[in-house]
Structures are given as C-alpha cells and as structure tokens.
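Open the model in your viewer and keep the selection tool ready.

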Amino acid sequence: MWDGGDAYERYVGRWSRPVAAEFLRWLDVPPGRTWLDVGCGTGALTETVLAEAHPAAVVGVDPSAAFLALARQRVPGAEFEVGTAVDLGDRTADVVVSGLVLTFVPDVARAVAEFARVAPYVGSYLWDYRSGMQMMRLFWDAAKDVDPGAESQDEGLRFADVSDPDPLRALWTGAGLKDVEVTGIVVPTVFRDFADFWEPFEGGTGAAPAYAATLPAEQRAEIRELLRSRLPQQGPIELTARAWAVRGVR
Ligand SMILES: C[S@@+](CC[C@H](N)C(=O)[O-])C[C@H]1O[C@@H](n2cnc3c(N)ncnc32)[C@H](O)[C@@H]1O
C-alpha cells in the first residue's frame, strides 16, 4: 500500500502539507529543538518542521524504503532512517511528531507510549475519516453504493476507535501525557476539475486507491461516474479536509 511515493503525493501528500503547517503553528515549539517525525513517509511534515520550526535537527523514521528514498531527495536538510512507531530504539528528541500515521499502526497504544518514552513533547494528527476529510468521505460513500464489500474497507468505520477527539485524548492520557489538548485543523482541498479529483484514486497508493485497485474495471468506473454526478459539473471542485490534532507533555 505504501510503495508509490509519487502516487501518494498526488493522492493525499499535497493536502497533508498545509495540515502540517497549521499543526506546527498550533504546537508552538520554540526554535533550536530536536525533532523526530515518526511515519514521515515522503517527508511532508519533516519538510515543514525544517521550514517553519527552526529546529536544531530533524530525523524522519518510516518503515517504507521507497518513501524514504523520495523524502531524502526532497528534504535534504533532514536525516531519514528505516524504523517503526512501536520500536524507536535508542533515539531521543525534544519533540516527537507523527502525521497521519497512527491509523496504520496495529498497536497504537504501544506506539504512543513509545513516543512519550523518547520525547517530552508529543503531537500527532489524523484525518477525520468519519466526515471532515471530504475527498475520502465522498469516495467511500460512493464505493459503498456500488459495492457492499466496501463497507468493511471504509476508513471512517475502520479507524473510528483512533481517529476521533475522544480516542485520541484517551490514547495520550493513557500514555501518561499531561496537558492533553485536541483540536480540529481544516484546510481547503481544491481540485482543478474532476480528473484532478479522480485520477489519484486510480494510483493504487493509500487505502482508498488500494481498495479501488482490487475492483473489476467496470465497478471502478461505476464509482467514478457516481462521484462525477455528485460533484460540481463545472469549474474547480472546492472541498475541505479536516484533521484531528492532539498534543501532550510528559
Ligand atoms: C498517510 S502516510 C503519512 C506520511 C507523512 N507523515 C505525511 O504526513 O505525509 C502514513 C505513513 O505511515 C507509515 N507507517 C505505516 N506503518 C507504520 C508504522 N508501524 N510505524 C511507523 N510508520 C508507519 C507509512 O509507511 C506511511 O509513510
């Protein structure tokens, strides 16, 4: 699911970047700190830490070698290492951040405990898959109208136990973090036209595109046409995406 760095950029990397910038403003970390970006992928958040937070050093960690290769090209100022959220080894930092990752980690409580072990300040964000990430919500609603099997794949249902304010607060508190706060970050997601909206769903990278790739071509086309009928027929398609962000101190 995570091998196509370019496909990921077109699908959701382009929208995660503005969320990363808003998130860092909200975290409000002073300059000169060391940062660890867990699940850094193609480096959207890592790059934004370098650009906005005046860090002393930034290390990005991700299990996908393909994503790290792209991140190294795109973000020369950071170090990138293969690794996983549930075992950060002997790394330490002033701040651990993790953008759009925890829904993909099987043992999420262990991951957050690991974040709190290696850094005194821990922040993260996840898409509001249930409703506020409109691009994905629209896709899954159309997919479920075409394919009853899509229900079990819908990220809004699969990730409901993590990607909502209450579960996020409980995870941070459960890891022993204090002063825990959760906020919603909303960014515009404006598509040039329907092709710009749809084509990334054909790219195979990310949960919804990976699901779409398992369907016969006719069913994929049915979802596409249903979505086309539900979106503006002319001009740009102006949607928004909400992420839930959480922060806490050790
Ligand atoms: C949706 S991407 C987010 C990438 C990046 N943080 C961003 O904001 O664009 C999810 C990332 O989580 C990574 N990932 C999946 N399982 C992981 C795990 N167990 N530990 C750390 N990262 C993981 C994937 O390789 C992928 O890069």
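Helices (H or I, at least four residues) and strands (E, at least two) are DSSP runs, numbered from the N terminus. Two strands pair if DSSP finds at least two bridges between them. Residues are numbered from 1 along each chain as its sequence is written. This is a predicted model, where local features need pLDDT of at least 70, side-chain atom pairs count only at pLDDT 80 or more, and totals for chains, interfaces and linings use all residues; side-chain values use heavy atoms, without hydrogens and water.

Stop 1: You see an open sheet of 7 strands, ordered 3-2-1-4-5-7-6, with mixed pairing. Strand 3 (79–82) and strand 6 (178–191) stand at the edges with a single partner each, so one side of each has no neighbour in the sheet.

Now select residues 34–38 and 57–62. These are strand 1 and strand 2, which pair in the parallel sense over 5 bridges. Val38 has Val61 of strand 2 as its bridge partner.

Stop 2: Select the ligand and its surroundings.

A polar side-chain atom of Ser16 is 3.3 Å from a ligand oxygen atom. A backbone N or O atom of Ala85 is 2.9 Å from a ligand nitrogen atom.

**Stop 3: Asp62.** Zoom in on Asp62, in strand 2. Is Asp62 buried or exposed? Asp62 is buried, at 7% relative accessible area. Buried means under 20%, exposed over 50%, partly exposed in between (1.4 Å probe, protein chains only). The Asp62 side chain reaches the backbone nitrogen of Cys40 at 3.3 Å and that of Gly41 at 2.8 Å.

**Stop 4: the cores.** A nonpolar core is a set of buried Ala, Val, Leu, Ile, Met, Phe, Trp, Tyr and Cys residues joined through side-chain atoms within 4.5 Å. The largest has 59 residues; Phe23, Trp35 and Ile223 are among those with the most contacts inside it. Helix 1 (residues 5–27) gives the most to this core, with 10 residues. Another core, of 30 residues, lies apart from it and includes Val101 and Leu171.

Note on methods:
A polar contact is a pair of N or O atoms within 3.5 Å; within protein, one must be able to donate a hydrogen and the other to accept it, and residues adjacent in sequence count only if both atoms are side-chain atoms.
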